[in-house]
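Student: I'd like to learn how to read charge pairs and ring contacts in a model. Can we go through one together?

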Amino acid sequence: MSETDNIVEFDGITSLDIPPPRILAKAAGAKLESVVVIGFREDGNFYFASSGADGGDVLWLLELAKKQLLETSP
């Protein structure tokens, strides 16, 4: 048994930043049907990628995420 065997991943809302690899690993195991990845590279350049080819569908997904973010209590 290692020291990390007792670590429980927090699955709630936090005001702390979470490292991108942790977020991406969780998403990889979530059996997602479609995905949009948005962020900044280490050099500060914008990054965007989507599994969907239809821009309207991607925009709809972004708007749903925006709605959920705005409805989340601070």
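Student: How many salt bridges does the count come to?

Tutor: Before counting, a word on the source: this is a predicted model, where local features need pLDDT of at least 70, side-chain atom pairs count only at pLDDT 80 or more, and totals for chains, interfaces and linings use all residues. Residues are numbered from 1 along each chain as its sequence is written, and side-chain values use heavy atoms, with hydrogens and water left out. Now the general idea: side chains of opposite charge can pair when their charged atoms come close. The rule asks for a side-chain nitrogen of Lys or Arg within 4 Å of a carboxyl oxygen of Asp or Glu, and the count here is 2.

Student: Which residue forms a salt bridge with Glu 63?

Tutor: Lys 66, with the closest N and O atoms 3.9 Å apart. Both lie in helix α2, 3 residues apart, about one turn of the helix; a helix here is a DSSP run of H or I, at least four residues, numbered from the N terminus.

Student: And what does Lys 67 meet?

Tutor: Glu 71, at 2.8 Å, N to O. That pair also sits in α2, 4 residues apart.

Student: Is Glu 71 buried or exposed?

Tutor: Buried means under 20% relative accessible area, exposed over 50%, partly exposed in between (1.4 Å probe, protein chains only). Glu 71 has 57%, so it counts as exposed, while Lys 67 is partly exposed at 46%.

Student: How many aromatic pairs does a search of the whole structure find?

Tutor: Rings of Phe, Tyr and Trp (its six-membered ring) pair if their centres lie within 6.5 Å; planes under 30 degrees apart are stacked, over 60 edge-to-face, the rest tilted. The search finds 1: Phe 40 with Phe 46, edge-to-face, 6.0 Å centre to centre and 70° between the planes.

How values were computed. Helices (H or I, at least four residues) and strands (E, at least two) are DSSP runs, numbered from the N terminus.
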